[in-house]
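Subject: Structure handover

Hello,

Please find the structure below. My notes on it follow.

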Amino acid sequence: MALSGIQIYKLLPQTNCKECGFPTCLAFAMKLAAKQVELSACPYVSEDSKAQLAESSAPPIRLISLKSDGAEVKAGNEVVLFRHEKTFYNKPGVFVKVKDDLPLDQLKALVQQADSYMVGYVGIELTVDGFALESASGDGAKFSAAVKAIREVSKRPLILITDSPEVATAGLSALNSEHALVHGANSANWEKMADAAKAHEAALVVNGDSLDALAELTEKIKAKGVEDLVLYPQLPTLGARLALETQIRRLALKQNFRPLGFPTIAYPNSAAAATQAVAKYAGFVVLEQFQPELVYPLLVLRQNIYTDPQKPIQVQPGVYEINNPKPEDAVLVTTNFSITYFSVANEVEGSGLPAWLVVTDAEGMSVLTAWAAGKFDSERIAKSVKTFNLADKVSRKRLVIPGHVAVLSGELEAELPDWEIRVGPREAVDIPKFMKQAL
Amino acid sequence: MANGHIVIPRTPMDVNLAKQLNILISDMGQPLERILMDPTTAAVGYGIEYGFSVMERLRLAALQGDNMTQFPMIVTPGFEAWKTKESKVGEGVPAAWGNWTERAINWETLTAVTLLESGADVVVLRHPESVKRVKAAIQELVAVPAG
Ligand code: SF4
């Protein structure tokens with residue numbers, strides 16, 4: 001957390017010598033707090049103060065970036081506990097766990113399947129971020145062979161899971177100039193693990209079952225020169241993990257507590273645990289298995305939670321032509337909330353029937369929310385129909401409104417006297433049936 | 001209200017609307033301990049982030065002493081999840097969606113647990129398997145060790 005002007009003032013010489021170009025040290029301190037000047041403008045700051053000020057300007061949660069040849073996964077740099085306070089920035093990387101005791105061809109097949117996985121959501125292509133290789137064999141040669149096998153089929157960043165510094169070194173040596181993550185260090189192996197991570201410029205996971213245990217280890221490891229750390233709150237229950245994750249983030253953000261100013265990693269063993277990891281603060285999420293039926297909702301949830309609350313995801317209002325509509329084809333109305341738009345557009349497209357889709361400017365809200373907020377009423381719908389010159393495009397003046405706003409049909413008839421107003425289904429999924437049977 | 005029932009004020013994902021309705025209902029004489037508010041929400045992929053943040057804000061306001069937000073929250077993830085295409089449709093959907101039954105249960109479970117993480121006190125579910133999984137999660141969530 002950044003220091004206030006007063007806190008900075010206390011670290012300055014307080015002689016008001018004016019050499020920095022400001023009349024007083026306090027004035028200079030205020031400018032520093034606002035990041036409008038450089039500390040170097042004052043020639044008299046002590047080394048100790050310099051170090052403290054540099055420390056305070058670093059982000060409260062360190063940015064950890066795992067890099068491979070061509071891909072990068074970032075975690076950390078978060079600034080709030082609750083997304084409505086600003087936004088969450090770096091979506092937790094979703095990694096799939098594999099083990100080195102699998103026959104290499106099976107391992108490659110597994111990795112390849114998850115690596116090529118791609119699923120569409122509101123026009124975004126979602127994928128998994130990388131792989132976590134666990135040393136089940138305990139054998140460095142096997143581990144290194146498995147790393148190489150993964151690299152034959154995937155370029156995504158890696159997490160290497162082993163307690164043994166030798167096995168970790170074997171794995172890291174099999175990678176070419178990458179920034180991998182090693183999991184990890186505990187109170188017994190930390191020194192050698194830190195050496196191994198440092199030698200290969202890897203980030204290192206620190207294990208601990210309490211705030212004290214974690215903080216103590218990160219301090220020791222930092223002193224050995226490894227700065228890129230990730231915390232693993234090693235606790236058995238969702239409740240205990242939630243408490244620790246929350247305390248870690250709160251201490252980092254509110255107290256600027258450096259020993260815990262790192263992103264965390266989670267190993268969820270259930271869909272519920274994976275949900276908590278995404279909602280509450282994990283920076284990396286390692287899944288036990290690759291299951292599309294879990295990965296899909298999880299990636300979508302991650303997308304949702306990490307949406308900037310100040311900027312609802314919207315699509316451009318206008319008339320969208322689906323399946324090449326002709327003048328006599330159906331006209332449907334919806335709002336410009338992107339999820340609403342994509343649900344409706346996908347259904348219409350999937351039905352194979354041509355239609356004109358009128359997307360009204362409802363300030364990025366869904367049908368019901370916009371209606372409740374007065375952003376999707378008969379006036380706005382009529383205005384869209386007029387400003388988009390729909391009457392010139394279609395010959396059959398029949399407008400289908402969402403079932404949730406059936407109450408608007410009377411008013412709309414008054415606003416658009418030339419048009420026939422029809423009430424469509426409430427849910428997008430029922431649109432194809434409606435179009436086939438009722439239009 | 002006249003018969004001593006619990007009243008559930010239901011408002012569309014908005015902190016102020018929720019608060020206003022709570023005030024109106026308590027002004028009508030409903031005892032505060034018989035109000036269970038439903039801030040409404042949406043499923044994963046359909047705007048759950050709005051409900052998530054509204055619930056977090058209601059809970060934070062309650063903890064800061066705003067007594068018109070100090071009611072337990074009830075939400076209906078079962079209803080929300082089971083109206084999504086991902087839960088309802090098994091054929092003609094992308095292969096990347098995975099196994100239909102598991103996907104549908106996951107959709108409901110993820111929606112429910114997300115809402116629990118943002119402060120839900122009562123979650124209304126549909127599928128027995130989701131009930132089992134969400135119950136297990138709740139048990140773990142309340143099992144916070146001392147200290
Ligand atoms: S140069 Fe340094 S000591 Fe002099 S007034 Fe500026 S801040 Fe104070």
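How many residues of chain B are in contact with chain A? The answer is 36 residues of chain B, which touch 40 residues of chain A; contact means heavy atoms within 4.5 Å. Before the rest, the conventions. This is a predicted model, in which local features need pLDDT of at least 70 and side-chain atom pairs count only at pLDDT 80 or more, while totals for chains, interfaces and linings use all residues. Residues are numbered from 1 along each chain as its sequence is written, chains are lettered from A and ligands numbered from 1 in the order in which they are written, and side-chain values use heavy atoms, with hydrogens and water left out.

The interface

Chain B and chain A bury about 3,400 Å² between them, and 66% of that is on carbon and sulfur atoms. Buried area here is the accessible area (1.4 Å probe) that two parts lose on being put together, summed over both. On the side of chain B, the residues that lose the most area to chain A are Glu49(B), Leu110(B) and Glu117(B), together 17% of what that side buries.

There are 3 salt bridges between chain B and chain A, a salt bridge being a side-chain nitrogen of Lys or Arg within 4 Å of a carboxyl oxygen of Asp or Glu. The side chains of Glu427(A) and Lys83(B) form a salt bridge, with N to O at 3.7 Å. Helix H2 (48-63), helix H4 (85-88), helix H5 (100-117) and helix H6 (128-142) of chain B each supply at least two residues of the side that touches chain A. Helices (H or I, at least four residues) and strands (E, at least two) are DSSP runs, numbered from the N terminus.

His183(A) and its cis peptide

His183(A) sits in strand S8 (residues 181-185) of chain A, and Gly184(A) is in strand S8 too. The peptide bond joining His183(A) and Gly184(A) is cis, with omega about -5 degrees. His183(A) counts as buried because its relative accessibility is 6%; buried means under 20% relative accessible area, exposed over 50%, partly exposed in between (1.4 Å probe, protein chains only). The side chain of His183(A) makes a polar contact of 2.7 Å with that of Tyr267(A). Beyond neighbours within four places in sequence, His183(A) is in contact with residues including Ile161(A), Asn207(A) and Tyr232(A).

Loops of chain A

Two residues other than glycine have positive phi. Glu201(A), with phi about 50 degrees, lies in the loop between helix H7 (190-199) and strand S9 (203-208) and is exposed at 60% relative accessibility. Tyr281(A), with phi near 85 degrees, is in the loop between helix H10 (271-279) and strand S12 (282-287) but is buried, at 6%.

Glu227(A) is in the loop between helix H8 (211-223) and strand S10 (229-233). With a relative accessible area of 39%, Glu227(A) is partly exposed. Leaving out residues up to four places away in sequence, Glu227(A) touches Arg62(A), Lys222(A) and Phe262(A).

Regards

Notes. A polar contact is a pair of N or O atoms within 3.5 Å; within protein, one must be able to donate a hydrogen and the other to accept it, and residues adjacent in sequence count only if both atoms are side-chain atoms.
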